Amino acid sequence: MIDFSLFWPKPTLQRVWVATILIATYAGTAWANDLKSIKVQQNTGRQAAPQETAYASRPEVMRFADDLASRRDLDVLWVRQAIGQARMSPTVIRLMQPPAKSFSKNWRVYRSRFIDPIRIAAGARFWQDNQATLARAEQEYGVPADIIVGIIGVETIYGRDTGKFRVLDALTTLAFDFPAAHPRARERSEFFKGELEQFLSHQSRLGSDPTAPRGSYAGAMGMPQFMPSSWVKYAVDFDGDGRIDLWNSPADVIGSVANYFKAFNWQTGMPTHYPVRFDTATLDMDALMAPDILPTFSVASFSAKGAVLEGDALSHTGPLALIELLNGDPNNGGSPPTYVAGTENFYAITRYNWSSYYAMAVIDLGREVAARVRP
Ligand SMILES: [Ca+2]
C-alpha cells in the first residue's frame with residue numbers, strides 16, 4: 001500500500017504464482033500461530049539463541065530499541081533481540097531508489113500492467129466467492145464492492161503475491177539504511193522507524209516471532225498490503241472469529257479495506273471522477289493544475305477556468321481536482337495526457353497509495369471485474 005519511489009508496478013507482482021501461494025500460506029500461518037510455536041520451544045528448552053546481525057552492534061540502532069521499549073512498555077531484551085536479528089537487505093535499498101530522471105510516465109503502459117485478463121478473471125472469482133461479504137462491507141462502510149475488489153487485485157492479485165521479504169528486515173533496513181541519495185531520505189527513514197515500532201509492538205503483544213511475517217520490500221503485509229501502522233489503526237475482524245487475519249481471511253481483508261477508506265473520508269454514493277474536456281478560449285491550465293490531485297475547485301470555478309463538465313458532473317456539490325495522467329512524451333513517440341475530474345473519493349484512493357495512476361488503475365480494474373460479474 002505504500003510505494004514512495006517506484007512508478008512502475010512492484011517487481012514482486014510479476015513472480016510466478018506457485019511461489020507466491022506458498023509464501024502467502026507460510027506468512028499467514030506464521031503471523032497467526034507463532035505464540036504456539038514459541039511456547040513449544042520454551043517448554044522443550046530447545047529455543048535457539050537469536051542469531052545476531054550487524055544491527056545488534058550499531059549503537060544508534062540499540063538506542064532506538066531501548067527508547068522503543070521504554071515508550072511502549074515492552075521487554076527491552078525482547079526488542080533488542082528482535083531488531084538484532086534483522087538483516088540488512090540490499091534489494092530493499094535498491095528498490096527504494098528514485099526512478100531514473102529520464103523516465104517518462106505512461107498511463108496506458110501502467111494500466112496494461114494491472115488491467116489484464118488474468119487479474120480480471122481472478123477478480124471475478126474473488127467477487128463471486130465473497131459476494132455477501134462485499135455487500136455487507138458496502139452497507140456498513142459505504143464503500144462499493146468494485147473499489148474494494150480493485151484494491152485487492154492491484155495490490156496482490158487477490159492474495160497470490162503478498163511479498164517475500166521478511167517484514168523485520170525490510171523495515172529495519174529502511175529505518176536505518178535508507179538510501180542517502182534519496183531527496184527525502186531523512187523523512188522516509190523516520191517514517192519507517194515509526195512503522196518498525198508499530199510492527200514490533202504488535203508482534204510483542206501477540207507473542208509472535210518478529211522474524212516470521214513476510215511482506216513487500218516496504219514492509220506492507222497481507223492481501224491488502226497494509227503497513228503496520230495501518231494494520232493497527234484500520235484492520236478489523238470482519239468474519240467475527242476473534243482475530244484479524246489479513247493473509248487468509250478474505251472477510252477480514254474486505255472489511256479492513258472498507259474501514260480504511262471510511263477513515264479517509266470516503267463519501268457514500270459519490271463517483272470517483274468525471275470526464276472532462278477543455279474550452280481552449282478560457283483555459284487556465286496553470287491554475288487548474290496548481291492544487292495537483294487535491295480536490296479544490298467547485299463545478300463553477302472549474303468551468304470558469306476552462307474545464308468543461310457535462311451531465312451528472314454539473315450537479316456535483318463537492319470539490320474537484322484536475323487529474324493529469326501522462327501517456328509518455330508526446331514529442332517522443334508518446335500521446336497527449338489523459339485528463340479526468342477527480343472527486344474526494346478519487347483522492348481517498350490516493351491515500352492508500354499516493355499516486356493518481358494507482359488510483360485510476362484500482363478504479364478501472366474494479367470496473368472491468370464488475371462488468372464480468374454483473375454484465
Ligand atoms: Ca477474523
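In which helix is valine 369 found? Valine 369 is found in helix H16, residues 356-373.

The views below show a predicted model, in which local features need pLDDT of at least 70, side-chain atom pairs count only at pLDDT 80 or more, and totals for chains, interfaces and linings use all residues. Residues are numbered from 1 along each chain as its sequence is written.

**Figure 1. Overview of the protein.** The protein has 16 helices and 7 strands. Helices (H or I, at least four residues) and strands (E, at least two) are DSSP runs, numbered from the N terminus. Of the 375 residues, 43% count as buried. A residue is buried if 20 or more other C-beta atoms lie within 10 Å of its own, exposed if 12 or fewer, and partly exposed in between, with C-beta atoms placed from the backbone. Among the contacts with a separation of 6 or more, 74% are accounted for by residues 24 or more positions apart. Two residues are in contact if their C-beta atoms, placed from the backbone, lie within 7 Å.

**Figure 2. The packing of helices H6 and H8.** Two packed helices are described by the angle between their axes and the distance between the axes. Helix H6 (residues 117-129) packs with helix H8 (residues 145-156) at an angle of about 130 degrees, and their axes are 10 Å apart. H6 is therefore oblique to H8. Angles under 35 degrees count as roughly parallel, over 145 as roughly antiparallel, 65 to 115 as roughly perpendicular and the rest as oblique. The axes are lines fitted to C-alpha atoms, for helices over the stretch in contact, and angles run from 0 to 180 degrees between N-to-C directions. From H6, Arg119, Ala122, Gly123, Phe126 and Trp127 meet Ala145, Val149, Ile152 and Gly153 of H8. This contact of H6 with H8 has 6 nonpolar, 2 polar and 1 charged residues. Ala, Val, Leu, Ile, Met, Phe, Trp, Tyr, Cys and Pro count as nonpolar, Asp, Glu, Lys and Arg as charged, and the others, Gly among them, as polar.

**Figure 3. The packing of helices H6 and H16.** The axes of H6 and H16 lie 9 Å apart, at an angle of about 65 degrees. Arg119, Ile120, Gly123, Ala124, Trp127 and Gln128 in H6 meet Leu365, Glu368, Val369, Arg372 and Val373 in H16. The residues of this contact of H6 with H16 divide into 6 nonpolar, 2 polar and 3 charged.

**Figure 4. The surroundings of valine 369.** Valine 369 is buried, because 25 other C-beta atoms lie within 10 Å. Leaving aside residues up to four places away in sequence, valine 369 touches Ile120, Gly123, Ala124, Trp127, Asp146, Val149 and Gly153. Valine 369 and alanine 124 are 245 residues apart along the chain, yet their C-alpha atoms are separated by 5.5 Å.

Figure 5. As 10 of the 10 residues of H9 are buried, the helix is largely enclosed by the rest of the structure. These buried residues include Val167, Leu171, Leu174 and Phe176. They pack against H2, H3, helix H4 (90-95), E1, H10 and strand E2 (214-215).

**Figure 6. Helix H10 and its buried residues.** Helix H10 (residues 185-206) has 22 residues and reaches 31 Å from its first C-alpha to its last, close to the 32 Å expected at 1.5 Å a residue. The expected span is 1.5 Å times one less than the number of residues in the helix. In H10, the buried residues are Phe192, Glu195, Leu196, Glu197, Gln198, Phe199, Leu200 and Gln203. Their cover includes helix H2 (59-72), helix H3 (76-84), helix H9 (167-176) and helix H11 (228-234). Glycine 207, which follows H10, has a positive phi, near 70 degrees.

**Figure 7. Two loop residues with positive phi.** Most residues other than glycine have a negative phi. Aspartate 73, in the loop between H2 and H3, has a positive phi near 60 degrees. Aspartate 73 is exposed, with 8 other C-beta atoms within 10 Å. Isoleucine 157 lies in the loop between H8 and strand E1 (165-166), and its phi is positive, near 50 degrees. Isoleucine 157 is buried, with 21 other C-beta atoms within 10 Å.
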